[in-house]
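Student: I have this one open and would like to go through it with you. Can we start with the terms?

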2 protein chains.
Amino acid sequence: MNIVEVRLTPVAFADPPLLNAAGVHEPWALRTIVEVDCGDGLVGLGETYGDLPHIELLRRVAPLVVGVDPFATSRILEIVRAELGATDAPDRHGLTGVSTPEKTALRVFSPIEVACLDLQGQLTGRPVHDLLGGAVRDAVPFSAYLFYKYAAHPGAGSDPFGEALTPDQIVAQARTLIDRYGFGSIKLKGGAFPPDQELDAMRALRDAYPELPLRIDPNAAWTVETSQRVAREMVGILEYLEDPTPGLAGMAAVADVARELGMPLATNMCVVAFEHLPEAIARDSVQVVLSDHHYWGGLRQSARLAGICQTWGIGLSMHSNSHLGISLAAMTHLGAALPELTYAADTHTPWQLGADVVESPLPIVDGAVRVPTTPGLGVTLDRDALARMHEDYVKCGLTERNDAGYMRTFVPDFEDVRPRW
Amino acid sequence: MNIVEVRLTPVAFADPPLLNAAGVHEPWALRTIVEVDCGDGLVGLGETYGDLPHIELLRRVAPLVVGVDPFATSRILEIVRAELGATDAPDRHGLTGVSTPEKTALRVFSPIEVACLDLQGQLTGRPVHDLLGGAVRDAVPFSAYLFYKYAAHPGAGSDPFGEALTPDQIVAQARTLIDRYGFGSIKLKGGAFPPDQELDAMRALRDAYPELPLRIDPNAAWTVETSQRVAREMVGILEYLEDPTPGLAGMAAVADVARELGMPLATNMCVVAFEHLPEAIARDSVQVVLSDHHYWGGLRQSARLAGICQTWGIGLSMHSNSHLGISLAAMTHLGAALPELTYAADTHTPWQLGADVVESPLPIVDGAVRVPTTPGLGVTLDRDALARMHEDYVKCGLTERNDAGYMRTFVPDFEDVRPRW
């Protein structure tokens, strides 16, 4: 039973005006749903970025895997690498670090691999995690992912979350998410406002939730000096400090101070491909890697990353961009199978406002997603929703995520400068 | 369908008097056949060392995995680690480097994991390599593994291979193996005689087979200085130089010279556990790792090792001790699934003289084993052979491999001293 077709459907879903160092989320977030079809109704699901340059690479690769066995994922990776060669497709927002040709190939391969694992699970009657060594936990913990946000997109009514610009509003947002989902840890997306303002929010969170691990991620908006100062001020408050400053050298300079303080530095920006690991490890730039199967090349490559982290004593957490229920399921199976995943994973799920392409999205209960035990990923495509969300994609007119451009709607002279402070 | 029993059967098979730095092979080689039984005739096969201290650890662990799902191999590894704790069981011959508690746990876990993968393949109707990302090659190349050897064990008739102590005899041995199996590369087990004598044999092999890649492995019998001299003399002759000298520091000192010469150093002695990799990489002690799933913790852990090798630009080859057809099948599935395996693997198969516990051992043709496409490992236990070889185990009276002790039969004052030259 071989692959007969790979279908790519770009979709859009409403996204609140969430702030970050690159600007602010546009009214629509884009994703691509990947269906790997083996005929006879057997379809595997994958999910990836919705930026047009990325979709164009997926379109180049899709016909080349027709006829290939869905178990032959290493062969498929070879096909992707051979087709894309030195092609590099950086994203515009730069929130997942630098791009390289190999990262581009792994990013294109990833949703196909996930869909093939979904197929393998369906064909063998086993959940995906069983194809990765089996689950070492019954539920995968996720963290409350807080954002500074405007009350509403221009011209739109307020969304259910409302404005979050002050420490009190951030604490209120945490309370909303924790009351609804039971999260046991909290991450604040920073880099939107001057650091002292954001540290005040962290202190307010600490006071409101003294027992919960806290993190802040300014997406490299700070200088080395600012980052070192933050590390000193946040000792005892932060579980880890995520991407305070750009680059492996800058992170290493922050780490020199943070190490003494017992404060780990985490990243999903300066270590985003296997080729970054040798220098990162030689410099001891980071102590936690936030893996992301969407650009690390799928679930088995992510397991290889976990092996590297374990070998060098680097912690493993999990990064998230705006995503839908297929990715949540993939993250959950991977998180179930990796003994090394010792931190709660990030997820944007609460910000989707329930929009999804799957029929019954895996629920977050008590801050965790129970690991599916049904065959494959354990989620089913809602074809009506897919069609509707594809229409939204066409109608919304967006073809590439551009937080900085959209930010100029609010702040006309905004420039994405990092480090900013 | 869970595990109902793990059966351990020690076996022995005739082994020729093969020489190495630790002494000489005894008349019997020991292995343990591991059967993971899920009931209803469903049995997965694994194969591991036959030394009694190792069997005793297997016996401790075996009952603890009863009731576990054979897909839950990561969970089984946790069970093994929890049971063995700080237990360390070094082998007596020291031919696979130092032991550590983690290496001991991975060594005990390995045959259970292989047997579980065999079961998974049978349950899903897929060959084992499909559970590791699929085959990237149709056949896995192996090398001709030459040994200095005595004509016969004391009191026994000569074996079909005869004496191999001179360069001419080594070339004749190569010819026998290559004519029979079509090997496309040659490895000489060295460390048995003074280096210049062994280098003469390498030059004779180069003259006889100028087109074939050559390797020599003295099992750390040489000093740093001797190893550096060998590297200089063997430029243009060796594909890689394997374990010339003991330890990561010694290897690094040899590598400092070998690097300039373009001569990679390979090891299955100074990097034999994940915990050795950070220092080995920081020092650039080795350029090729000879993986061995028997002590790296099975096939999925070996894939993690491959990921590390790829990330740091380290070559990957495959080590072998005396083994039977279950291990050959496991090595073949792993070799099929790892894009990173760019060297022909070692195997002792020709020295078994056809003895095996499987019904139809995978044949070596044109220097390679064709990758099985039948479910599981693709080999079937020959229960009569198993019973017979277990009887041989009981009768032979050996409980631990002891090449040095046996060497004193030939050389009364032999001591296993490394480096020797």
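Tutor: Contact here means heavy atoms within 4.5 Å. Helices (H or I, at least four residues) and strands (E, at least two) are DSSP runs numbered from the N terminus. This is a predicted model, where local features need pLDDT of at least 70 and side-chain atom pairs pLDDT 80 or more, while totals for chains, interfaces and linings use all residues. Residues count from 1 along each chain as written, chains are lettered from A and ligands numbered from 1 in written order, and side-chain values use heavy atoms, without hydrogens or water.

Student: Fine. What do the buried residues of H2(A) pack against?

Tutor: They pack against H1 (52-61), H3 (101-124) and H10 (298-311) of chain A, together with H11 (325-337) of chain B.

Student: Which residues of H2(A) are buried?

Tutor: Thr73(A), Ser74(A), Ile76(A), Leu77(A), Ile79(A), Val80(A) and Leu84(A). Buried means under 20% relative accessible area (1.4 Å probe, protein chains only).

Student: How far does H2(A) reach from its first C-alpha to its last?

Tutor: Helix H2(A), residues 73-84, has twelve residues and reaches 16 Å, close to the 16 Å expected at 1.5 Å a residue; the expected span is 1.5 Å times one less than the number of residues. Just after H2(A), Gly85(A) takes a positive phi of about 50°.

Student: New topic. How many residues of chain B are in contact with chain A?

Tutor: On the chain B side there are 34, in contact with 34 residues of chain A. The two chains bury about 2,600 Å² between them, 53% of it on carbon and sulfur atoms; that is accessible area (1.4 Å probe) lost on being put together, summed over both. Phe71(B), Arg304(B) and Trp312(B) supply 25% of the area that chain B buries against chain A, more than any other three residues.

Student: What does the side chain of Arg304(B) meet in a salt bridge?

Tutor: The side chain of Glu340(A), at 2.6 Å, N to O. The rule (Lys or Arg side-chain nitrogen within 4 Å of an Asp or Glu carboxyl oxygen) finds four salt bridges across this interface.

Student: And which helices of chain B supply at least two residues of the side touching chain A?

Tutor: H2 (73-84), H3 (101-124), H8 (277-283) and H10 (298-311) of chain B each do. The largest share, eight residues, comes from H10(B).

Student: Last one. Why does Arg31(B) count as buried?

Tutor: Because the relative accessibility of Arg31(B) is 2%. Arg31(B) has its place in strand S4 (residues 28-37) of chain B.

Notes: Buried < 20%, exposed > 50% of the residue type's maximum accessible area, 1.4 Å probe, protein only.
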